[in-house]
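Me: I would like to learn how to read a structure feature by feature. Please take one point at a time, with the general idea before the case.

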Amino acid sequence: MAEWAQRKYKVENFDCRLLEIFLKHKKVPIADTCNWLEAISGTIPTKSWLASIKVVTDDKCPTCKTSETTHHIINKHTTL
C-alpha cells in the first residue's frame, strides 16, 4: 500500500500500520472511518460527480468556488 500511495499520490512516508490501527480502533466513529476510506480510494461523491449525473446543477466548492473534485477536496480541505 505504501508503494501505491507513493506512485499514485506522491506520498513520501505513508504509514500502513497507522492506517490499520485507525481503521480498527473501536472508538473511531464509523463515519470517520468511511470518510477516510472514501478519500483514500477516490470515491468521495463530489459535486462534480453529482453534477455529471444531474443530481445537482452547481459543481462548485462552497468554500473556494472552484470545481469540487476528489483531488480538490483532498489537497485543499483535508490533512491527508
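This is a predicted model: local features need pLDDT of at least 70, side-chain atom pairs count only at pLDDT 80 or more; totals for chains, interfaces and linings use all residues.

Me: Which residues of helix 5 are buried?

Reply: An α-helix has 3.6 residues a turn, so residues three or four places apart point the same way. In helix 5, the buried residues are Thr70, His72, Ile73 and Ile74. Part of their cover comes from helix 3, residues 30–41.

Me: What happens at the start of helix 5?

Reply: Look for a side-chain oxygen that reaches a backbone nitrogen. Here a side-chain oxygen of Thr69 comes to within 3.1 Å of the backbone nitrogen of His72.

Me: How many helices and strands does the protein have?

Reply: Five helices and zero strands. Read from the N terminus, the order of elements is α-α-α-α-α. Along the principal axes, the C-alpha atoms fill a box of roughly 40 × 30 × 20 Å.

Me: What share of the 80 residues counts as buried?

Reply: Buried means under 20% relative accessible area. By that cut-off, 20% of the 80 residues are buried. The accessible surface comes to about 6200 Å², and carbon and sulfur atoms hold 59% of that surface. As for contacts between residues at least 6 apart in sequence, 19% join residues at least 24 apart.

Me: Where does Glu68 lie, and is this residue buried or exposed?

Reply: Glu68 sits in the loop between helix 4 (47–52) and helix 5 (70–77), and Glu68 is buried.

Me: Which backbone atom lies 2.9 Å from a polar atom of the Glu68 side chain?

Reply: The backbone nitrogen of Lys47. Leaving out residues up to four places away in sequence, Glu68 touches Thr46, Lys47, Ser48, Asp59, Lys60, Cys61, Pro62 and Ile73.

Me: What does the side chain of Ser48 reach?

Reply: The backbone oxygen of Glu68, at 2.7 Å. Ser48 belongs to helix 4. Ser48 counts as buried because its relative accessible area is 19%, and the cut-off is under 20%. Apart from neighbours within four places in sequence, Ser48 is in contact with Asp59, Ser67, Glu68 and Thr69.

Me: Which residues form a nonpolar patch on the surface?

Reply: Trp49, Ile53 and Val55 form the patch, with about 310 Å² of accessible area together. Val55 lies in the loop between helix 4 and helix 5. Val55 counts as exposed because its relative accessibility is 55%, and exposed means over 50%.

Me: With which side chain does Glu20 make a polar contact?

Reply: That of Lys24, at 2.9 Å. Glu20 is in helix 2, residues 16–24. Its relative accessibility is 33%, so Glu20 counts as partly exposed.

Me: Where does Asp15 lie?

Reply: In the loop between helix 1 (2–9) and helix 2. At 42% relative accessibility, Asp15 is partly exposed. Asp15 and Thr46 are 31 residues apart along the chain, and 26 Å separates their C-alpha atoms.

Conventions. Residues are numbered from 1 along each chain as its sequence is written. Side-chain values use heavy atoms; hydrogens and water are left out. Helices (H or I, at least four residues) and strands (E, at least two) are DSSP runs, numbered from the N terminus. Buried means under 20% relative accessible area, exposed over 50%, partly exposed in between (1.4 Å probe, protein chains only). Lys and Arg count as positive and Asp and Glu as negative; His and the chain ends are not counted. A salt bridge is a side-chain nitrogen of Lys or Arg within 4 Å of a carboxyl oxygen of Asp or Glu. A polar contact is a pair of N or O atoms within 3.5 Å; within protein, one must be able to donate a hydrogen and the other to accept it, and residues adjacent in sequence count only if both atoms are side-chain atoms. Contact means heavy atoms within 4.5 Å. Patches are made of residues with over 30% relative accessible area and no salt bridge: like charges are joined within 9 Å, nonpolar side chains (Val, Leu, Ile, Met, Phe, Trp, Tyr) within 5 Å. Accessible areas come from the Shrake-Rupley method with a 1.4 Å probe; for residues, only the protein chains shown count as cover.
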